Amino acid sequence: MRKVMIVDDETLVRVGLQSMIDWESRGFKLAGVYKNGEEALQAAQKEHFDVILTDLSMPVMDGFQLITELKRIGCQANIVVLSSYNDFEHTRKAIQLGVRDYISKYELEPDEMIRVLESLTYMPHQEVSVVHHKRQENGDEERQRSAASEEVGEQGVAEQGEGVVAWAALRPIKRSRDYLDSEQTAMRLMVEDVCNRLKSIAIAGWEEDVMHALVRLSGSEWDEGDEALQIARAMLEEVQTTLRNNLNIPMVVSLSRFIAGKQDPQRLKQEALELLAVGSKRGPGVYIAQDTMITDGRQSLGNPDAALTEEWLDYYKHIRKLVQYQQLPELALWYSELADQQGRNASLEVQHRLGGLIASQLTDYAVEHLQLDAERLQKQFGTMWPLTEAVKRTGNLEQLNQLIGEMIGLAREAALFAQANHGWLLKVKAHVEAHFASPIPLEDMAELVHFSENYFSQRFRQETGESFTDYLTRTRIYKAVELYRETDLSTEEIALRCGYANANYFTKVFKKVTGQTISAFKLRT
């Protein structure tokens with residue numbers, strides 16, 4: 001079986017390549033998945049790979065440098081470039097470095113990938129260098145050690161000696177239709193990817209649809225008291241948020257009490273599962289045992305409003321993130337879909353509270369980020385200002401929903417108007433807004449704001465919480481959502497207007513971003 005390595009800094013691409021192709025049934029084995037060239041090079045020095053699929057633009061070590069280093073150490077793998085770049089210059093440079101093929105990862109079809117891999121020329125295994133045989137043996141030993149450390153289970157808890165440890169359980173919220181096998185695979189891969197990055201969370205295994213993990217804190221972290229719980233909560237919320245934002249899968253996450261030293265792990269596991277059962281009835285969120293009371297093995301929330309608080313905290317964080325990262329079209333869509341789900345039976349009091357959260361965050365955004373003074377605020381929002389007071393004045397759901405939509409639209413208008421005075425990020429987003437239907441290479445955006453490609457990629461992720469490619473993809477799909485809502489255009493026409501020449505690929509990206517097929521979306525609208 002041919003051994004394949006994947007190298008890409010984008011989580012969605014790594015997860016997609018792992019979940020969209022049944023590799024082993026086609027004669028290939030995924031033997032390594034890495035986030036940058038440095039990690040990939042270290043792996044290639046320890047074992048033999050038949051194929052290396054690599055992106056070109058990555059932090060730490062990019063694809064060009066990785067290819068150069070692989071050639072230097074005598075790596076005999078076939079190298080296939082996966083990239084968003086589609087211009088001749090990058091193709092020529094990659095070919096000069098000796099790559100075997102070049103595929104656009106955003107127009108990739110599983111059958112096309114397999115066709116390319118099957119067309120490659122492979123060395124007979126007996127001709128693989130002795131050095132690579134030794135690397136393979138060393139790599140197998142290291143993977144065995146790594147697997148042993150990941151399969152922590154209950155024994156790993158009992159042997160925990162330093163710091164403190166708690167048991168975490170994670171489960172996707174059940175929905176009317178079962179999750180597809182591909183969705184479950186993508187979910188598991190993404191959870192594992194995030195946990196590997198966080199380091200303090202070690203996966204203990206899966207039981208049906210529940211993932212079990214250990215959360216470890218050092219002694220110094222635990223000495224910080226309440227801050228230690230905030231550290232644990234923040235890590236679990238990152239797992240939850242990643243799945244919600246990338247796969248549209250809402251999660252319930254529970255965490256047992258922390259213990260020190262060698263304790264009974266079964267009690268921690270049971271505590272986490274009991275809390276998970278409570279959380280599954282209440283809705284998405286992170287539920288921590290320190291926030292609850294456990295009596296006679298039965299779980300009850302110490303505060304009867306705790307679940308409601310968790311739900312509103314989740315709303316607050318989601319709204320704050322969308323506003324903070326200037327994702328105002330997404331905020332409008334999120335609110336609209338939430339209002340549609342709740343329908344006319346929704347409580348006006350509850351919707352006032354939700355509208356108040358949005359109004360408050362937009363106010364902070366306008367004052368602190370856009371730096372609008374009192375006169376400009378009044379001019380921009382008119383009778384809506386102050387925003388929170390305008391929300392309170394609405395007398396029914398229809399008025400409120402219309403107000404929120406107009407409020408978000410005016411805030412977005414102010415953001416675009418302030419582009420000239422608010423730096424490189426607004427300049428990039430305005431360019432994407434105007435040219436999303438055309439190819440927008442990352443290097444062009446870096447040149448637009450006078451950054452190097454690596455620095456631009458790092459800064460964009462720091463400022464927005466996502467890669468530039470993910471942002472561009474999400475922008476295009478939300479534009480498609482608007483076109484589906486407002487026009488009768490065909491899927492092929494909408495795909496072209498949103499920058500996708502391949503309608504089949506567009507439908508797959510649409511489902512990945514929105515969590516639903518185009519036909520299901522049309523039925524809802």
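**Burial.** I began with burial in this predicted model: buried residues make up 50% of the 525 residues in the chain.

**Fold and contacts.** I counted the secondary structure next and found 24 helices and 13 strands in the chain. For contacts, I kept to pairs with a separation of 6 or more; residues 24 or more positions apart account for 70% of these.

**Cavities.** How many cavities of 30 Å³ or more does the structure hold? I found two. The largest cavity has about 260 Å³ of space, and I stayed with it for a while. Its lining has 18 residues, and the closest to its centre are Q326, P329, R412, E433 and Y471.

The residues of the lining divide into nine nonpolar, three polar and six charged.

Which helices supply at least two residues each to the lining of the largest cavity? My list reads helix 13 (328–342), helix 17 (397–417), helix 18 (423–435) and helix 21 (468–486). Helix 21 gives the most, with five residues.

Why does the largest cavity lie between domain 3 and domain 4? I checked the domain bounds: domain 3 (307–420) and domain 4 (436–523) both give residues to the lining, so the cavity lies between them.

My first stop was the peptide bond from W385 to P386, which is cis, with omega near -5°. I placed P386 in the loop between helix 15 (374–381) and helix 16 (387–393).

Next I turned to V60, which is not a glycine and yet has a positive phi of about 70°. I located V60 in the loop between strand 3 (51–54) and helix 3 (63–72). Is V60 buried or exposed? Its relative accessibility is 56%, and the cut-off for exposed is over 50%, so V60 counts as exposed.

I found E208 in the loop between strand 7 (201–207) and strand 8 (210–217). With a relative accessible area of 72%, E208 is exposed.

How values were computed: Residues are numbered from 1 along each chain as its sequence is written. This is a predicted model: local features need pLDDT of at least 70, side-chain atom pairs count only at pLDDT 80 or more; totals for chains, interfaces and linings use all residues. Side-chain values use heavy atoms; hydrogens and water are left out. Helices (H or I, at least four residues) and strands (E, at least two) are DSSP runs, numbered from the N terminus. Buried means under 20% relative accessible area, exposed over 50%, partly exposed in between (1.4 Å probe, protein chains only). Contact means heavy atoms within 4.5 Å. On a 1 Å grid over the protein atoms alone, a cavity is a set of points where a 1.4 Å probe fits but cannot get out, and a pocket is an open set with protein on both sides within 12 Å along at least five of seven lines; lining residues have an atom within 4 Å of a point. Grid points are joined across faces, edges and corners, and a volume is the space filled by probe spheres set on the points. Ala, Val, Leu, Ile, Met, Phe, Trp, Tyr, Cys and Pro count as nonpolar, Asp, Glu, Lys and Arg as charged, and the others, Gly among them, as polar. Domain bounds come from an automatic or database domain assignment.
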